[in-house]
Amino acid sequence: MRSLVLAGGGMRVAWQAGVVRALQEDGLVFDHVDGTSGGILTAAMLCSGVDGVQMCRRWRDVDVQDFGSALPFREYLTGPWNLPAVGDADGLLQRVFPALGIDVDAIRRSPLAGSFNVVDFATKESVAVDARDVDAPLLAAGMSLPLFLTPLRRDGHVWTDAVWVRDANLTEALRRGADEVWLVWCIGDTPRWGDGPLEQYVHMIEMSAAGGLASDLALAEAAGRSFVLHVVRPEHPLPLDPEFYLGRISSDSLVQMGYRDARRYLAGRSRDGVPRTPACTRMTEPPPSARFVEHLRGPARGVVEDRAAGATTDGGLTSEDRAADDRTVSLDLTVVMPLDGPVDDADVAGALTYAPWGERAYLADGHVTADADALTYHATVRVDGHDLTLTATRSLVDDPGFDAWSDLSRVDLEVRDPSGDVVLSAPLDLGASGVRRLVTSVEPVGVTGVFRRVDAVRRLLQRGASALHD
């Protein structure tokens, strides 16, 4: 039996949608899914019949502001020390759940076994509620983090987020008979101790989450319970919820990162999984870097194969290919560029959209190479079950004239099949609005403090401008 255990992570669980899509593309089928805290969203979507492709699409359309909803005004008049929470769960129930396709009736009759973890504060116990017994308010209560969202009061019980007890219920998966567990983990787990109330509030969650997992692993070991454990996690901690709420990171970028991270694990996984120790979720802190987003668009040209139409040529273009020439190609990139090291150390996630190929294709194995004349993004994309090679090259040679930003905004895209033939090419451009969006998307990573963050942005922009040469 194979179980998918989805840990929490607040609104950042949009990352899990990319993971689920990659796992499903790899042919993995699960008998049971378990969700805790933010992971309840992903588990509820799966039990509602929303697949990985739909998950990614739905997350892109979610308004992050919908996660919060205000209490009745009179509650705020009682003063900050008497507030039950900053807000309530109405935004989750009325807007987020419908936007993500979460349907309680579908969950209750789902052929996929499911469990959702909620703490009963009256007994201080974490309860794994079976999918057949859940309702929407109980699901929302499982994501109602104390201080931020009010708990659910019902029949003498007070239901709230389980994260202070556990953030991933490995024990429930084993109790149901799992002999293979896939743990999807997106809460931070590094040795770094940060300053400030937000950082330390998150550290408390991290300690509870990692401690709960360690207890589950120790209990399984003591009981002699053998199972294969796979863990999909980011290499570095994901941005915190306030960055998502303030627009510094988008659900689209998080989905891209999740797909990238899952494909990275799948490419190197062992049949025996990973060691069943608390170190299985450990991450490293990123070096001083800056994250930015590129939205590139352009018309397709020189298409050798249109996979959607099944039309191929021996170097020329079929009528279907000629019709496709005017179709728009979109390449969205989320890049984390080191500030000190070589650009080759940059990390790339992204997505390619080309209508004749159907659903948006996400990037795996993303990286950057650079020489004196060009900077090139490299990745693979999976289309109709085939892994294609993608390169997007930006010239660093500044043409004569006062058009340096225009030169930087142009990228030449090529997608090749395994034989090396070009199956899609397009001249892409950021455009004036795209350049502005790129610049405003710059966000420091692995850097703390106001002055250091400002300096990080300055260094990245300076690095980009100095890369151009005549």
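**Entry 1. Threonine 150 and its loop**

I looked up threonine 150 and found it in the loop between α7 (136-141) and β7 (152-154). Helices here are DSSP runs of H or I with at least four residues, strands are runs of E with at least two, and both are numbered from the N terminus. The model is predicted: local features need pLDDT of at least 70 and side-chain atom pairs count only at pLDDT 80 or more, while totals for chains, interfaces and linings use all residues. Residues are numbered from 1 along each chain as its sequence is written, and side-chain values use heavy atoms, with hydrogens and water left out.

Is threonine 150 buried or exposed? Threonine 150 is buried, at a relative accessible area of 17%. I take buried as under 20% relative accessible area, exposed as over 50% and partly exposed as in between, with a 1.4 Å probe and protein chains only. Leaving aside residues up to four places away in sequence, I list Leu71, Pro84, Ala85, Gly87, Asp88, Ala89 and Ser144 as touching threonine 150; contact means heavy atoms within 4.5 Å.

In that loop between α7 and β7 I also noted leucine 147. Leucine 147 counts as exposed, at 52% relative accessibility. Its phi is near 90 degrees, a positive value in a residue other than glycine. Most residues other than glycine have a negative phi.

I then checked serine 37, which sits in the loop between β2 (32-36) and α2. Serine 37 is not a glycine, yet has a positive phi of about 50 degrees. With 8% relative accessibility, serine 37 counts as buried.

Valine 29 is in the loop between α1 (14-25) and β2. At 58% relative accessibility, valine 29 counts as exposed. I recorded 19 Å between the C-alpha atoms of valine 29 and alanine 106, which are 77 residues apart along the chain.

**Entry 2. Helix α5**

Which residues of helix α5 (residues 90-100) are buried? I found Gly91, Leu92, Val96, Phe97 and Leu100 to be buried. They cover an arc of only 140 degrees around the axis, which puts them on the same side of α5; the arc is that of the directions from the helix axis to the C-beta atoms. An α-helix has 3.6 residues a turn, so residues three or four places apart point the same way.

The buried residues of α5 pack against α2 (39-47), α3 (52-60), β3, β4 (87-88) and α7. Just after α5, I noted a positive phi of about 80 degrees at glycine 101.

**Entry 3. Domains**

The domain assignment gives domain 1 (2-268) and domain 2 (289-305 + 318-467); such bounds come from an automatic or database assignment. Their centres, taken over C-alpha atoms, are separated by 32 Å. The contact takes 22 residues from domain 1 and 22 residues from domain 2.

**Entry 4. The largest pocket**

I looked up the largest pocket and noted a volume of about 1,100 Å³. Of the 49 residues lining this pocket, Glu243, Pro286, Pro444, Val445 and Gly446 are the closest to its centre. On a 1 Å grid over the protein atoms alone, a pocket is an open set of points where a 1.4 Å probe fits, with protein on both sides within 12 Å along at least five of seven lines, and lining residues have an atom within 4 Å of a point. Grid points are joined across faces, edges and corners, and a volume is the space filled by probe spheres set on the points.

Why does the largest pocket lie between the domains? Domain 1 and domain 2 both give residues to its lining, so the pocket lies between them. Among the elements that each supply at least two lining residues are α9 (197-222), α11 (251-268), β14 (328-338) and α15 (450-467). The lining divides into 21 nonpolar, eight polar and 20 charged residues; Ala, Val, Leu, Ile, Met, Phe, Trp, Tyr, Cys and Pro count as nonpolar, Asp, Glu, Lys and Arg as charged, and the others, Gly among them, as polar.

Of its 31 lining residues, I found Gly10, Met11, Leu145, Phe148 and Asp241 closest to the centre. This lining holds 19 nonpolar, eight polar and four charged residues. Its largest share, four residues, comes from α9.

Helix α9 is also the place of histidine 203. Histidine 203 counts as buried, at 5% relative accessibility. Not counting residues up to four places away in sequence, histidine 203 touches Arg192, Trp193 and Gly194.
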